[in-house]
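Biologist: Hi! Could you walk me through this one?
Modeller: Happy to, let me bring it up first.
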Amino acid sequence: MKKVYTNPKHCVNCHLCKVYCVAAHSSSKDVLKAYKEEGLKDTARIIVEETKPISCAVQCRHCDEPKCVASCISGAMRKDPTTGIVYCDTSRCVGCLTCVVACSHGAVQPGPDGKALKCDLCRNLSEPACVANCPNGAIAFLEKEEK
Amino acid sequence: MHYVIIGNSIAATAAIEGIRSQDRQGKITVISEEKDHVYGRPLISYWLEKKVSEQQMPYRDPEFYQEQNVEVLLGVKATSVSFDKKTVKLSNKKELTYDKLLISTGGKPIVPPIPGLTAKNHSCFYNYEDVRQLNQTVQPGQHVLVLGGGLTGLKAAESLHRLGVKVSLIELADRLLGTIMDHDGSEMVASFIKSQGVDLYLGNTITQINSAKNGLSQFILKDGTTLEAKLLIMAIGVTPRTDFLKDSNLTINRGILASATQATNFPDVYVAGDVAEVPDLLTGKTVVAPILPNAFTQGRIAGINMTGGTASFEGSLAYNAIGFLGMHTVSMGQSTLETSNEYEVLKQLDQTKQTYRKIVLQNNRLIGALFIGEIGRAGLYQDLIRNQVDVSSFKDQLLANDFKLLNLPSTVYQSKLAE
């Protein structure tokens, strides 16, 4: 399956991937409205890490045998059997956050609403928003063997 | 091919999915003592406090059994198994013949013989039916006792407290959550819970129950305290549900002994979940580790192997993430240990913010961790335990609340980013 791969050599720690991730998961699909009207500021599903001088974006690896799915107490965390995308059905998430402890990449985070927050590869778009909006090509959407 | 699964909880569901990932054709029959569609047991406290509706209880979609082409016998119990004839006798007098069998019967709550204990003055807190009954019998303003200060007892106390019930929690040990927390962690949780209005009786237990007026009972504690309450919730633990197998030659220690492939000592018979005894990831000793992620993982592995696959369980690493009245806690591995000749413990405790971070190391490798309050990215620590990564080069970063992948050696984080 195609996944998002990041390259620390090209990352300049600009956080635009987070901004466009928030917008892509908003109702308005608009950066300004998502932040100012929908109150979605801290809901990016991609994490930007920095230990100077290195920075890079980190998000879900959509594992073959995802530990977050194995650990979910409500059945909210799923792996789509067709696309392989691991996503959280937040309407069923109770916020126990066992998935946060299960994820070996620390890629599932507690969201501001107390529920699990994670990358869903923008499953309704042709290309994830973080990839489409990275100014340096530090984030790419590839099959593993294309890397 | 006929796959028969005894039990219908998380391990069974994962086994169904495991089987169907390899074999779309074989017949699957699930024997379910409970009458409900599969649900996550930890959800019962959320249902009781009305945070989860009846419609949200099922762990899989309503069409799950149909889509997976599974026949589920609801309200039917397996009464015995003949491993030689490969048959399972059922409570409805029928008998099933299996080609491959999975035993995933889970645990059953331990009920100690307290003088005066009756079916009417106590309830367990284990299945959906327990909380449906509790919802009928307990009213806001009433007083309820919870016996057991472990995870189940605390979740029971939390949900009842949120319903407006007066809760007194009684624990035999001198502290709460003794299996997953050290003294500092237990103390932080205990003082928070008390501040929220739950009464705690530590180092205590119930020695006698008498009936009292108005449908109440009188509970006499070890230290002489007398409490009047509507009901006692029993939450002192569970034990593997193996009664129906006691006359067989199946190897049962505390639980049914499983190999790394989840096989038992009988051919074509597998075991998974809270009823199984499996190797511990770190010590290699066999343990019954009744946590939901283990049940799922073992069930899936058993399912794959029942079709002829070769999946194997890497060993149990216990971990829990539990919130109590808004205080989030995470524990993993040997989280209770203190500094000694053998172990190095790193701690950072902030009473004002009510946060606690603790790391347990042995030979510069993580073997346990405990977090209260700040739990973000706790999974990174779980991975350090699982892979026994040498932390010498970044030990001073381990307690930082922004601990991250980039703190790991570059070869480690680069390979993780490339997964």
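This is a predicted model: local features need pLDDT of at least 70, side-chain atom pairs count only at pLDDT 80 or more; totals for chains, interfaces and linings use all residues.

Biologist: Okay, helices first. At what angle do H1 and H7 of chain B pack?
Modeller: Helix H1(B), residues 10-20, packs on helix H7(B), residues 292-306, at an angle of about 35 degrees, and their axes are 7 Å apart. The crossing of H1(B) and H7(B) is right-handed.

Biologist: Which residues make the contact?
Modeller: From H1(B) the contact takes Ile10(B), Ala11(B), Ala14(B), Ala15(B), Glu17(B), Gly18(B) and Ile19(B). H7(B) brings Leu292(B), Ala295(B), Phe296(B), Gly299(B), Arg300(B), Gly303(B), Ile304(B) and Met306(B).

Biologist: And how many of those are nonpolar, polar or charged?
Modeller: The contact of H1(B) with H7(B) has 10 nonpolar residues, three polar and two charged.

Biologist: Nice. Which residues are buried in H8 of chain B?
Modeller: In H8(B), they are Gly379(B), Leu380(B), Tyr381(B), Gln382(B), Asp383(B), Leu384(B), Ile385(B) and Arg386(B). That makes eight of the nine residues of this helix, which spans 379-387, so H8(B) is mostly covered.

Biologist: Over to chain A, then. Which residues of H1 are buried there?
Modeller: Cys17(A), Cys21(A), Val22(A), Ala23(A) and Ala24(A) of H1(A) are buried. In chain A, these buried residues pack against helix H2 (31-36), E2, E3, helix H5 (129-132) and strand E8 (139-143).

Biologist: Now for the backbone. Which peptide bond is cis?
Modeller: The bond from Lys52(A) to Pro53(A) is cis, with omega near 5 degrees. Pro53(A) sits in the loop between strand E2 (47-51) and strand E3 (54-58) of chain A. As background, most peptide bonds are trans, and most residues other than glycine have a negative phi.

Biologist: So what about His15 in chain A?
Modeller: His15(A) has a positive phi of about 70 degrees although it is not a glycine. His15(A) belongs to the loop between strand E1 (2-6) and helix H1 (16-24) of chain A.

Biologist: And what is phi for His62(A)?
Modeller: Phi of His62(A) is near 45 degrees, again a positive value in a residue other than glycine. You will find His62(A) in the loop between E3 and helix H3 (67-71) of chain A.

Biologist: Are these two histidines buried or exposed?
Modeller: His15(A) is partly exposed, at a relative accessible area of 28%. His62(A) counts as buried, because its relative accessibility is 0%.

Biologist: Switching to aromatics: how many pairs are there?
Modeller: The whole structure has seven aromatic pairs over all chains. One of them joins Phe83(B) and Phe266(B), whose ring centres are 4.6 Å apart with planes at 15 degrees, so the pair is stacked.

Biologist: Where do those two sit?
Modeller: In chain B, Phe83(B) is in the loop between strand E4 (78-82) and strand E5 (87-90), and Phe266(B) is in the loop between strand E18 (256-257) and strand E19 (269-271), so the pair ties together parts 183 residues apart in sequence. Both Phe83(B) and Phe266(B) are buried.

Biologist: Which residues form an aromatic cluster?
Modeller: Phe371(B), Tyr381(B), Phe394(B) and Phe403(B) form one cluster. Tyr381(B) is also one of the buried residues of H8(B).

Biologist: Where do Arg60(B) and Arg132(B) lie?
Modeller: Arg60(B) lies over the face of Tyr59(B), at 4.3 Å from the ring centre. Arg132(B) has its charged end over the ring of Tyr128(B), 4.0 Å from the centre.

Biologist: One more stop: what does Thr98(A) touch?
Modeller: Not counting residues up to four places away in sequence, Thr98(A) touches Ser71(A), Ile73(A), Pro293(B), Tyr319(B) and Ala321(B). Thr98(A) is in helix H4 (residues 98-102) of chain A and counts as buried, at 7% relative accessibility.

Biologist: And Leu172(B), buried or exposed?
Modeller: Leu172(B) is exposed, with a relative accessible area of 56%, and lies in the loop between E11 and H6 of chain B. Its contacts, leaving aside neighbours within four places in sequence, are Gly203(B), Asn204(B) and Thr205(B).

Notes:
Residues are numbered from 1 along each chain as its sequence is written. Chains are lettered from A and ligands numbered from 1 in the order in which they are written. Side-chain values use heavy atoms; hydrogens and water are left out. Axes are lines fitted to C-alpha atoms, for helices over the stretch in contact, and angles run from 0 to 180 degrees between N-to-C directions. Helices (H or I, at least four residues) and strands (E, at least two) are DSSP runs, numbered from the N terminus. A crossing is left-handed if the near helix is turned anticlockwise from the far one by less than a right angle, and right-handed if clockwise. Contact means heavy atoms within 4.5 Å. Ala, Val, Leu, Ile, Met, Phe, Trp, Tyr, Cys and Pro count as nonpolar, Asp, Glu, Lys and Arg as charged, and the others, Gly among them, as polar. Buried means under 20% relative accessible area, exposed over 50%, partly exposed in between (1.4 Å probe, protein chains only). Rings of Phe, Tyr and Trp (its six-membered ring) pair if their centres lie within 6.5 Å; planes under 30 degrees apart count as stacked, over 60 as edge-to-face and the rest as tilted. A charge sits over a ring if NZ of Lys or CZ of Arg is within 6 Å of the ring centre and within 35 degrees of the ring normal.
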